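Dear colleague,

I am handing over the structure below, and my notes on what was found in it follow directly after.

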Amino acid sequence: MKDEKLAPPSRPITSFPPGALVRSSDICRDPKRGYAGILPIDRSTWHRWVKSGKAPVGRYLAGTSTRVWEIESVRSLGATTS
């Protein structure tokens, strides 16, 4: 039974409640961790989209360097890129 591989963890777009704030680690896939991500893109692609204006800039959490995006904006990107 130990040889069985578990499916990579993923958090589908519907698993986040309305108004949720997500980080780039939630949005992007990470093959090293086996995480599918909300969108099937790499982190470098996400940051390129933000820089080019295809994705929203996001905002920083108060007092931290953590940038977050509203799940609704990520959902709308997922609908247009699929």
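Strands here are DSSP runs of E with at least two residues, and helices are runs of H or I with at least four residues, both numbered from the N terminus. Please bear in mind that this is a predicted model, in which local features need pLDDT of at least 70 and side-chain atom pairs count only at pLDDT 80 or more, while totals for chains, interfaces and linings use all residues. Residues are numbered from 1 along each chain as its sequence is written, and side-chain values use heavy atoms, with hydrogens and water left out.

Strand β3 covers residues 67–70 and runs antiparallel to β2, to which 2 bridges join it; two strands count as paired if DSSP finds at least two bridges between them. Between β2 and β3, which form a hairpin, there are 6 residues, and G63 in the turn has a positive phi of about 75 degrees. β1 and β3 are likewise paired in the antiparallel sense, over 2 bridges, with E70 in β3 as the bridge partner of L21.

Taken together, 3 strands form an open, antiparallel sheet in the order β1-β3-β2. Because β1 (21–22) and β2 (59–60) stand at the edges with a single partner strand each, one side of each is left without a neighbour in the sheet.

As for the helix, α1 spans residues 24–27 and includes S25. S25 is buried, at a relative accessible area of 14%, where buried means under 20% (1.4 Å probe, protein chains only). Neighbours within four places in sequence aside, S25 is in contact with R33, Y35 and R43, contact meaning heavy atoms within 4.5 Å.

Definitions and conventions:
Buried < 20%, exposed > 50% of the residue type's maximum accessible area, 1.4 Å probe, protein only.
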